[in-house]
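Open the model in your viewer and keep the selection tool ready. This tour goes stop by stop.

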Amino acid sequence: KILILDFGSQFTQLIARRVRELNIYCEIHPFNNPPAIDDSVKGVILSGSPYSVRQEDALHYDYKNVHGKLPLLGVCYGAQYMAHFGGGEVMASSTREYGRANLDYIKKDNPLFKLIPENSQVWMSHADTIARIADDYEVIASTETVKVAAYQIKGTQTYGIQFHPEVTHSIDGKQLLQNFLVDICGCHQDWTPDSFVETTIAALKEKLGDDKVVLGLSGGVDSSVAAVLLHHAIGKNLYCIFVDNGLLRKNEFESVLESYKHMGLNVKGVDAKQRFYDALSGLSDPEKKRKAIGRVFIEVFDDEAHQVQDVKWLGQGTIYPDVIESVSVKGPSATIKSHHNVGGLPDFMKLKVVEPLNTLFKDEVRRVGKALQIDDNILGRHPFPGPGLAIRILGEITPEKVAILQEADAIYINNLRSAGVYDKVWQAGAIYLPVQSVGVMGDERTYENVVCLRAVESLDGMTADWCHLPYDLLAKISNEIINNVKGINRVVYDISSKPPATIEWE
Ligand code: XMP
């Protein structure tokens, strides 16, 4: 495996994804808490950072632990760090170097630049620059303004690069990473979804033996893939619980439950609609609604879990981005909305936790799901928030409003599907606004509610752009909703991006 030591760069996870895309396993660890470097580690990458090596409180890592022993690649801050503390000098650039640049010099036959043509475009993003390197360092690539765009410590497998190979604007970045990982570190590109499935199932068998596991299914990709992996490992000893909180999409509970049964999962569907509606009654503050839903979910789940005799484990679909111990360089980011994963581990359940996906990124979870032959109807599904329609009905929740929104949402989503745009959109849904407006239907005046349609493009939900859906499609959806959903006489479309808006309205 490859270790990536994180100094807090926004690009660290992207480096890891690029390494994984080359079918090589890697792990991210904070620079100040690195794991032991044993035989399984084939090389180390030092990430970028918002810090400067010139700052008094620069982030320190003794790279000599690795240098000369294993291949080492410093990216941006990582490169500046080894240049500065290896006897060279890093200074503030006279201008911020940000954006595209071209490598007008590449040292011939340097293994890091194998198959990379001169003038290759790279992506720069730095405020500091390496002004001077020590005598035992050698420049192996330059751009017009950045002389030390890449260096090697002579006679060793330690490299530093000022640009960001993980960003797609660095056209040959993937080749560079491949050169480092395969040719220099000697990694085999054998970390594939199939091999993951095989080794994970074997490991789960070993770990769980004849123990019983309970797992809450949500209908989403992660919990479904986690359940299928566990099912392959322990079969009927996996007890899945799928709760109908009354806040799912139209017919979702029935159809997803059917798919789960079809996949052979031992799953119990629990109708807890009324418990959720009761708990939500009178609440209109979004955070109070979220908390109420989280609390009731735990109660319902706990009641069900107690019915499984001698259960020892709680299965969860936690994925890698949730567990990476992030390097918080600017203090914890402000809580904008309360914790996203409704549920979590209730203290009183005292179960051990098994998380078969906690080394995977989202796209890898989908690839593993495909390798497990899980239905596209589950794998290709848009993300859907745990509190469901409760945070898409602004204000107080009533079963009547849920029913109205379910109808409008179903018309919307079905139209996206039939127009062939569902898979191009990252997430879409309808929002019920607590606003009434005047309309006219036939000869009658109406005074009814507004539904807003939202569709966004995104990679990970952290940032998002609103989708430019075709006008004709929007017109058709609006027409169908107004003509068919009683209680709605106006449809609007949300054209806000995130930031500054968020994807959900609450
Ligand atoms: P926002 O609204 O913060 O949403 O831009 C980003 C992504 O997170 C989902 N989301 C949630 N998921 N529980 C969840 O499980 C929540 O409380 C929650 N709030 C937002 C949202 O649907 C989007 O995919």
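A residue is called buried here if 20 or more other C-beta atoms lie within 10 Å of its own. Keep that cut-off in mind; the model is a predicted one.

**Stop 1: the domains.** Colour three ranges: domain 1 (2-184), domain 2 (193-379) and domain 3 (396-493).

Zoom in on cysteine 76. Look for it in the loop between strand 4 (72-75) and helix 2 (77-84). Is cysteine 76 buried or exposed? It has 23 C-beta neighbours inside 10 Å, so it counts as buried. Leaving aside neighbours within four places in sequence, cysteine 76 is in contact with Ser9, Gly48, His126, Gln162 and His164.

Move on to histidine 164. Its loop runs between strand 9 (158-161) and helix 3 (173-184). Histidine 164 is buried too, because 22 other C-beta atoms lie within 10 Å. Beyond four places in sequence, histidine 164 touches Phe11, Val75, Cys76, Trp123, Ser125 and Ser170.

Start with serine 218, in the loop between strand 10 (212-217) and helix 5 (221-234). Serine 218 has 21 C-beta neighbours inside 10 Å, so it counts as buried. Not counting residues up to four places away, serine 218 touches Ser223 and Gly386.

Glycine 219 is also found in the loop between strand 10 and helix 5. With 20 other C-beta atoms within 10 Å, glycine 219 is buried. Apart from residues up to four places away in sequence, it touches Glu252 and Val256.

**Stop 2: two crossing helices.** Show helix 4 (residues 193-208) and helix 10 (residues 362-371). Their axes come within 9 Å and cross at roughly 75°. That makes helix 4 roughly perpendicular to helix 10. Display the side chains where they meet: Pro193, Asp194, Phe196 and Val197 in helix 4, and Arg367, Val368, Lys370 and Ala371 in helix 10. By class, this contact has 5 nonpolar, no polar and 3 charged residues.

**Stop 3: domain 2 against domain 3.** Zoom out. The C-alpha centres of domain 2 and domain 3 lie 28 Å apart. Here 11 residues of domain 2 are in contact with 9 residues of domain 3. On the domain 2 side, the residues divide into 4 nonpolar, 3 polar and 4 charged.

Note on methods. Residues are numbered from 1 along each chain as its sequence is written. This is a predicted model: local features need pLDDT of at least 70, side-chain atom pairs count only at pLDDT 80 or more; totals for chains, interfaces and linings use all residues. Helices (H or I, at least four residues) and strands (E, at least two) are DSSP runs, numbered from the N terminus. A residue is buried if 20 or more other C-beta atoms lie within 10 Å of its own, exposed if 12 or fewer, and partly exposed in between; C-beta atoms are placed from the backbone. Two residues are in contact if their C-beta atoms, placed from the backbone, lie within 7 Å. Axes are lines fitted to C-alpha atoms, for helices over the stretch in contact, and angles run from 0 to 180 degrees between N-to-C directions. Angles under 35 degrees count as roughly parallel, over 145 as roughly antiparallel, 65 to 115 as roughly perpendicular and the rest as oblique. Ala, Val, Leu, Ile, Met, Phe, Trp, Tyr, Cys and Pro count as nonpolar, Asp, Glu, Lys and Arg as charged, and the others, Gly among them, as polar. Domain bounds come from an automatic or database domain assignment.
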